[in-house]
Amino acid sequence: MLHLFISHSNRDKDFVLGHLKPMLKSQGIEAWCSSSDIRAATNWEQQIRVALARSDWFLVVLSPAAQQSSWVQAETHWALEHMPERVIPLLTAACRPVDLHLRLGLMQYVDFQVDFSKATVELLGLLRSRDAPGETSTSDRHQEQTHLVQQIRRARLRVRVERVNALDYEEQLVIHNSAIVGRARQAHLCLEDDCVSRRHLRLQIAEQAGQPALMAMDLESANGTFIDGERLVGTQSVAVGQTLTLGSLRLHLLELTALTAD
């Protein structure tokens, strides 16, 4: 049986206890977290250390609240020092993983913001890709220093934002695998326009012929997203030279440049 450690802010316990842990339990995966597994009248820090040491994988729930939690920071630092190949970030609210720990900015995360079922499939695939039952013991797996199969794609996107009755301006967005565009202050690209939804659009870096490519997915926004005047449905590719319309704003894609992952 796999043993997981879930690091999370107390403000994210509804997601952990109400959704994440029950899903893992249904798959025969044991998950430990402080919200449900700390025993009263005992040393909290000692219990956390024991749970960390016996875990096969470390899951960190990423959110603005997690970024402010000293416990999440300390647990993540321990995991990245002792089991870096077995750390999986789970994004549950718009935030920058790098703001919690610099090395998280170089790792692929599983995005639980939009589609829990899809994210579940991705997470279970990662967990099981290296941990078939009976394959190796927990201690053997840690000694192997097995590398988690995660493709890190980073690129810099330069856009010109065209506004109604206001001057255009340019933005540069560094995308680590994917980024959220919207009106929310936590969005990776924040657009101040009442016609733009808080979480309007997701941009994801793909690869075509060895070069970075951009994929776009509307996040069920109120006014929709349009590519060169055509409504965006599902996930579609979008190229430099094309225009994304979000509410009353137009994003002209000017340049997409690959970045190294160091």
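Val72, Glu75, Thr76, Ala79 and Leu80 of H5 are buried, meaning under 20% relative accessible area with a 1.4 Å probe and protein chains only. Seen down the axis of H5, these buried residues fall within an arc of 130°, so they line one face of the helix; the arc is taken from the directions from the helix axis to the C-beta atoms.

This is a predicted model, in which local features need pLDDT of at least 70 and side-chain atom pairs count only at pLDDT 80 or more, while totals for chains, interfaces and linings use all residues. Residues are numbered from 1 along each chain as its sequence is written, and side-chain values use heavy atoms, without hydrogens and water.

His8 sits in the loop between strand S1 (3–7) and helix H1 (13–26). At 6% relative accessibility, His8 counts as buried. Not counting residues up to four places away in sequence, His8 touches residues including Val72 and Glu75; contact means heavy atoms within 4.5 Å.

A nonpolar core is a set of buried Ala, Val, Leu, Ile, Met, Phe, Trp, Tyr and Cys residues joined through side-chain atoms within 4.5 Å. In the largest one, Leu203, Leu214 and Leu244 touch the most other members. Strands that each supply at least two residues of this core include S10 (201–208), S11 (211–218) and S15 (243–246).

| Core | Residues | Among its members |
|---|---|---|
| Largest nonpolar core | 25 residues | Leu203, Leu214, Leu244 |

Leu203 touches both Leu214 and Leu244.

Technical notes: Buried means under 20% relative accessible area, exposed over 50%, partly exposed in between (1.4 Å probe, protein chains only). Helices (H or I, at least four residues) and strands (E, at least two) are DSSP runs, numbered from the N terminus.
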